[in-house]
Amino acid sequence: VHILSPFDPLIIQRKRLRLFFGYDHVFEAYVPAAKRRFGYFALPILMGDRIVAALDLKTDRMAGKLLTQRETWFEDVGAEGKAAIDEALGRFERFQLGD
């Protein structure tokens with residue numbers, strides 16, 4: 001499981017992303033809030049060879065937590081897949097908070 005930045009080379013190459021994964025990513029920070037589908041700074045979740053979700057995450061440094069603003073799931077990953085994503089989110093949170 002990989003949590004990808006909208007600026008990751010895999011995501012930034014939109015044609016290749018669509019060709020390989022059938023996924024169209026839009027960086028929605030510049031989209032009016034009411035028109036956003038995935039969230040202000042949605043991060044695609046790569047599981048194996050599939051983009052399974054886009055999570056709009058925010059780091060609350062004062063509280064020392066990673067907050068999920070919005071979840072968009074493209075497929076059911078089951079309990080095992082969710083556990084793997086939760087583990088990746090834990091690593092991502094530690095990285096973001098500098099632990």
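Arg50 and Glu75 form a salt bridge, with the closest N and O atoms 2.7 Å apart. By salt bridge I mean a side-chain nitrogen of Lys or Arg within 4 Å of a carboxyl oxygen of Asp or Glu. Arg50 sits in strand E3, and Glu75 in the loop between E4 and helix H3 (78-97), so the pair ties together parts 25 residues apart in sequence. Helices (H or I, at least four residues) and strands (E, at least two) are DSSP runs, numbered from the N terminus.

A word on the model. It is predicted: local features need pLDDT of at least 70, side-chain atom pairs count only at pLDDT 80 or more, and totals for chains, interfaces and linings use all residues. Residues are numbered from 1 along each chain as its sequence is written, and side-chain values use heavy atoms, leaving out hydrogens and water.

Back to the pair. Buried or exposed, or in between? Arg50 counts as partly exposed at 33% relative accessibility. Glu75 is partly exposed too, at 30%. The cut-offs: buried is under 20% relative accessible area, exposed is over 50%, partly exposed is in between (1.4 Å probe, protein chains only).

How many salt bridges does a search of the whole structure find? Three. One joins Asp24 to Arg18, with 2.4 Å between the closest N and O atoms. Asp24 is partly exposed at 41%, and Arg18 is partly exposed at 42%. Another joins Arg91 to Glu87, at 3.3 Å. Both residues lie in helix H3, four residues apart, about one turn of the helix. Glu87 is exposed at 53%; Arg91 is partly exposed at 40%.

Now the sheet. It is open, with four strands in the order E1-E2-E3-E4 and antiparallel pairing. Strand E1 (2-3) and E4 stand at the edges with a single partner each, so one side of each has no neighbour in the sheet. Two strands pair if DSSP finds at least two bridges between them.

E2 (residues 42-47) and E3 (residues 50-60) pair over six bridges. Arg50 turns up again here, as the bridge partner of Met47. The hairpin has two residues between the strands, and Gly48 takes a positive phi near 65 degrees.

Eight bridges join E3 to E4. Asp60 partners Lys65, and Leu55 partners Glu71. This hairpin has four residues between its strands, with Gly64 in the turn at a positive phi of about 70 degrees.

Last, Thr72, in strand E4 (residues 65-73). Thr72 counts as buried, at 17%. Beyond neighbours within four places in sequence, its contacts (heavy atoms within 4.5 Å) include Arg37, Phe38 and Leu55.
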